[in-house]
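User: Could you take me through this model? I would like to start with the overall picture and then look at the packing.

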Amino acid sequence: MQEEFEPPEIFDRNRRQAKRERAARKSGTAFLWTYIAQEIEERLSLVSREFSHALFIGPMAYHAEKILGNRTSETKFSTVEKSSGLEATSAQEDRLPFDPHSFDLIIAAGTLDSVNDLPGALVQIRHILKPDGLFLGHMFGAGSLASLKSVMLAAEGPVNAPHIHPQIDLRSAADLLSRARFTLPVADADTLRIAYAHWRTLVDDLRNAGIGNALCGQRRYLGKSFLENLDREWTARADHTGRVEEAFVHLFLSGWSPSDNQPKPARRGSADVSLASVLRPAAKI
């Protein structure tokens, strides 16, 4: 019997939870979550239907009331932060403890990019959706934190250690939705650019959101000169206002759980007008 494939543990689950626990206790505004919540709310407003059972996975749970309004009769939350202050099920995105077909709306936003088994997490989300249930997701995509990464690499010198975890691009995100067998899958990207006067402010924003480096492995001592090098490299990249622009690439995902009553693609060859006749140049009269 073939053994079940276990994906590698790229992210330290305990470290990831500790960062999110600390963020939940902080008084910071976590503006990144506010921005994502607004985008999710806008996308949900385009769907003209009501939902009876919704599930929020991750930090969007703090914005559930604003996102949903009066659109659902029952809402549950799943977070890894035990100190979230919510009546939530403590679970990780790729280890969801819910029964199949439990929800008709699932929103998982902000943390999917640091899940060890992202394909498995998306499959689990589809399994716990009811037929014709809606999934809305978000992750930080490739190109995020490019300035911070560049500054850290330059400050370290010839021997580099990973500080920012790998990120996927838009096409890969769309492929993952299809592989998880969502119907009508959509993936789109939006880049938020923020000009920072200092790298410490940027790091504080990341800590307030609980999205710092959660990669597995020991942290290498960088030496006393590392922070001085960071200051120097940041200043060297500053514009005439003394600021460095940083990018947050937001990947937004949506898909539906398969259902018999969903629209099906037309049968091949069933069109009344051929594509060739449409594209053929019109005759001159």
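Analyst: The answers below go from the chain as a whole to its cores and then to one helix pair. Please note that this is a predicted model.

User: What does the secondary structure of the chain come to?

Analyst: The chain has nine helices and seven strands.

User: And how much of the chain is buried?

Analyst: Buried residues account for 45% of its 285 residues. The accessible surface is about 16,000 Å², and carbon and sulfur atoms contribute 52% of that area.

User: Which residues touch the most other members of the largest nonpolar core?

Analyst: They are Phe-56, Met-60 and Phe-248, in a core of 45 residues. Helix 2, residues 31-45, gives the most to this core, with seven residues.

User: What does Phe-56 touch, leaving out residues up to four places away in sequence?

Analyst: Its contacts include Ile-67, Leu-68, Phe-77 and Ile-107, and also Thr-75, Lys-76 and Ser-78. There is also a second, separate core of 25 residues, with Leu-96, Val-115, Leu-122 and Leu-176 among them.

User: Changing topic: at what angle do the axes of helix 7 and helix 8 cross?

Analyst: The axes of helix 7 (residues 199-209) and helix 8 (residues 225-237) cross at roughly 110 degrees and come within 10 Å. Helix 7 is therefore roughly perpendicular to helix 8.

User: Which residues make the contact?

Analyst: Helix 7 contributes Trp-199, Arg-200 and Leu-202, while helix 8 contributes Leu-227, Leu-230, Asp-231 and Trp-234. Five of these residues are nonpolar, two are charged and none is polar.

Terms used. Residues are numbered from 1 along each chain as its sequence is written. This is a predicted model: local features need pLDDT of at least 70, side-chain atom pairs count only at pLDDT 80 or more; totals for chains, interfaces and linings use all residues. Side-chain values use heavy atoms; hydrogens and water are left out. A nonpolar core is a set of buried Ala, Val, Leu, Ile, Met, Phe, Trp, Tyr and Cys residues joined through side-chain atoms within 4.5 Å. Buried means under 20% relative accessible area, exposed over 50%, partly exposed in between (1.4 Å probe, protein chains only). Helices (H or I, at least four residues) and strands (E, at least two) are DSSP runs, numbered from the N terminus. Contact means heavy atoms within 4.5 Å. Accessible areas come from the Shrake-Rupley method with a 1.4 Å probe; for residues, only the protein chains shown count as cover. Axes are lines fitted to C-alpha atoms, for helices over the stretch in contact, and angles run from 0 to 180 degrees between N-to-C directions. Angles under 35 degrees count as roughly parallel, over 145 as roughly antiparallel, 65 to 115 as roughly perpendicular and the rest as oblique. Ala, Val, Leu, Ile, Met, Phe, Trp, Tyr, Cys and Pro count as nonpolar, Asp, Glu, Lys and Arg as charged, and the others, Gly among them, as polar.
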